[in-house]
Amino acid sequence: QVQLVESGGGLAQAGGSLRLSCAASGRTSNIAVMGWYRQAPGKEREFVASITWSGGSTYYADSAKGRFTISRDNAKNTIYLQMNSLKPEDTAVYYCAAKRGLGRVYDYWGQGTQVTVSS
């Protein structure tokens with residue numbers, strides 16, 4: 001099993017920045033990809049960004065490109081999501097996720113951290 005714990009959420013003004021962290025513990029050797037998803041009130045959970053654990057290849061949703069940066073620190077078993085130029089529509093609960101393979105389904109999820117962007 002893998003446990004994921006997010007931190008770093010909070011309140012920011014439009015145009016501001018926040019950095020989210022996600023620390024993985026447990027059988028982290030199983031992890032192939034980690035990513036971030038978000039869910040706004042009344043909306044479905046959506047993909048934000050992902051990073052492969054070994055090669056560090058990154059992928060972004062169109063809404064995140066140019067504003068968000070995902071990175072990893074393998075020594076700390078931690079990934080980060082640097083969010084710049086925040087918009088009110090970025091307001092959501094952000095979830096960290098991890099998967100054992102390269103398929104679509106994520107196997108492990110964190111509890112989520114709230115990000116609120118005021119206009």
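1. Serine 85 is found in the loop between E8 and E9. Strands (E, at least two residues) and helices (H or I, at least four) are DSSP runs, numbered from the N terminus. This is a predicted model, in which local features need pLDDT of at least 70 and side-chain atom pairs count only at pLDDT 80 or more, while totals for chains, interfaces and linings use all residues. Residues are numbered from 1 along each chain as its sequence is written, and side-chain values use heavy atoms, with hydrogens and water left out. Serine 85 has a positive phi of about 50°, although it is not a glycine. Its relative accessible area is 41%, so serine 85 is partly exposed. The cut-offs are under 20% relative accessible area for buried and over 50% for exposed, with partly exposed in between (1.4 Å probe, protein chains only).

2. Aspartate 90 sits in the loop between strand E8 (78-83) and strand E9 (92-99). Is aspartate 90 buried or exposed? Its relative accessibility is 0%, so aspartate 90 counts as buried. A polar atom of the aspartate 90 side chain lies 2.8 Å from the backbone nitrogen of lysine 87. Leaving aside neighbours within four places in sequence, aspartate 90 is in contact (heavy atoms within 4.5 Å) with Arg38, Arg67, Phe68, Ser85, Val115 and Val117.

3. Asparagine 77 also deserves a look. Asparagine 77 lies in the loop between E7 and E8. E7 and E8 form a hairpin with 4 residues between them, and asparagine 77 in the turn has a positive phi of about 50°. Asparagine 77 is not a glycine.

4. Next, the strand pairing. Two strands pair if DSSP finds at least two bridges between them. E7 and E8 run antiparallel and are joined by 6 bridges. Threonine 69 has glutamine 82 in E8 as its bridge partner. E3 and E8 also run antiparallel, again with 6 bridges. Here leucine 20 is partnered by leucine 81 in E8. E1 and E3 pair in the antiparallel sense over 6 bridges. Valine 5 stands opposite alanine 23 in E3. In a regular strand the side chains alternate between the two faces of the sheet.

5. Which residues touch the most other members of the largest nonpolar core? They are Leu4, Met34, Trp36, Ile79, Leu81, Met83 and Tyr94, in a core of 29 residues. Two or more residues come from each of strand E1 (2-7), strand E3 (18-26), strand E4 (33-39), strand E5 (46-52), strand E7 (68-73), E8, E9 and strand E11 (113-118). Apart from this core lies another, of 5 residues, among them Ala32, Val33, Ala97 and Tyr106. A nonpolar core is a set of buried Ala, Val, Leu, Ile, Met, Phe, Trp, Tyr and Cys residues joined through side-chain atoms within 4.5 Å.

6. Leaving aside neighbours within four places in sequence, isoleucine 79 is in contact with Leu20, Ser21, Cys22, Met34, Gly35, Trp36, Ile51, Trp53, Ile70, Ser71, Arg72 and Cys96.

7. Serine 50 lies in strand E5. Serine 50 is buried, at a relative accessible area of 6%. With neighbours within four places in sequence left aside, its contacts include Val33, Met34, Gly35 and Tyr106.

8. The whole structure holds 4 aromatic pairs. Rings of Phe, Tyr and Trp (its six-membered ring) pair if their centres lie within 6.5 Å; planes under 30 degrees apart count as stacked, over 60 as edge-to-face and the rest as tilted. Tyrosine 37 and phenylalanine 47 form an edge-to-face pair, 5.6 Å centre to centre with 75° between the planes. Tyrosine 37 is in strand E4 and phenylalanine 47 in strand E5, so the pair ties together parts that are 10 residues apart in sequence. Tyrosine 37 is buried at 15%, and phenylalanine 47 is partly exposed at 26%. Tyrosine 106 and tryptophan 109 form a tilted pair, 6.0 Å centre to centre with 55° between the planes. Tyrosine 106 is buried at 9%, whereas tryptophan 109 is partly exposed at 34%. Tyr37, Phe47, Tyr106 and Trp109 form one aromatic cluster.

9. Finally, arginine 45. Its charged end sits over the ring of tyrosine 95, 4.0 Å from the ring centre. Arginine 45 also lies over the face of tryptophan 109, at 4.6 Å from that ring centre. A charge sits over a ring if NZ of Lys or CZ of Arg is within 6 Å of the ring centre and within 35 degrees of the ring normal.

Conventions: Polar contact = N/O pair within 3.5 Å; in protein donor to acceptor, adjacent residues only side chain to side chain.
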